[in-house]
Amino acid sequence: MSDNVLTHLDEKGQARMVDVSEKAHTERSATATATIYMQPETLKMIVEGKHKKGDVMATARIAGIMAAKRTPDLIPMCHPLMITSVKVELTPDLENSCVLINATCKTVGQTGIEIEALTSASTAALTLYDMCKAVDRGMVIDQVKLLEKIGGKSGHWTR
């Protein structure tokens with residue numbers, strides 16, 4: 001199938017879930033990223049563990065993991081996958097007053113896991129926003145993007 005064909009539309013232009021039943025089961029992984037910018041005081045509070053809501057980073061990490069597992073409930077044409085691994089890394093960047101989020105998801109299946117990785121990174125960022133909005137409503141979630149995907153017919157792609 002050509003890369004410029006919209007696979008989630010049938011010949012009549014109606015939405016459909018892509019049939020992957022004939023595709024081979026292969027190991028697949030994807031890594032996505034998101035960045036959330038905030039006031040330096042907000043980041044300092046998070047890093048020092050002084051937020052009254054508790055461990056903000058741990059909560060965001062768990063939210064990212066949970067989000068990957070619930071992706072088909074949020075994205076209408078997304079296939080439910082047997083996810084074999086979800087790793088969410090949150091790295092504070094004091095110089096740029098932000099938290100860098102990387103989410104890597106893995107599966108062995110018939111379709112890719114990019115949307116799960118993107119959902120994971122996005123949700124971790126949204127959770128940081130939610131937990132810190134009382135002290136910093138000006139936070140900005142930025143640069144949500146796929147960094148890498150491995151496996152399947154299209155092979156290895158990297159940004």
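Two packed helices are described by the angle between their axes and the distance between the axes. In the predicted model, helix α2 spans residues 56–74 and helix α3 spans residues 114–132. The two helices pack at an angle of about 135°, and their axes lie 7 Å apart. Because of this angle, α2 is oblique to α3; the oblique class applies here because an angle must be over 145 degrees to count as roughly antiparallel. The crossing in which α2 passes α3 is right-handed.

The contact between the helices involves residues from both partners. On the α2 side, the residues that meet α3 are Val56, Met57, Thr59, Ala60, Ala63, Gly64, Ile65, Ala67, Ala68, Thr71 and Leu74. On the α3 side, the contact is formed by Ile115, Glu116, Thr119, Ser120, Thr123, Ala124, Thr127, Leu128, Met131 and Cys132. Sorted by class, the contact of α2 with α3 comprises 13 nonpolar, seven polar and one charged residues.

The structure holds zero disulfides. For Cys132, the closest cysteine sulfur is that of Cys98, at 14 Å, which is too far for a bond, because a disulfide requires sulfur atoms within 2.5 Å. Likewise, the sulfur of Cys98 has its closest cysteine sulfur in Cys132, and the distance of 14 Å rules out a bond. Cys98 has a relative accessibility of 1% and therefore counts as buried. Cys132, with a relative accessibility of 0%, also counts as buried.

Technical notes
Residues numbered from 1 in each chain as written. Predicted model: local features only at pLDDT ≥ 70, side-chain atom pairs only at ≥ 80, totals over all residues. Heavy atoms only, no water. Axes fitted to C-alpha atoms, helices over the stretch in contact; angles between N-to-C directions. Helix = DSSP H or I, 4+ residues; strand = E, 2+ residues; numbered from the N terminus. Parallel < 35°, antiparallel > 145°, perpendicular 65-115°, else oblique. Left-handed = near helix turned anticlockwise from the far one by under 90°. Contact = heavy atoms within 4.5 Å. Nonpolar A, V, L, I, M, F, W, Y, C, P; charged D, E, K, R; others polar. Buried < 20%, exposed > 50% of the residue type's maximum accessible area, 1.4 Å probe, protein only.
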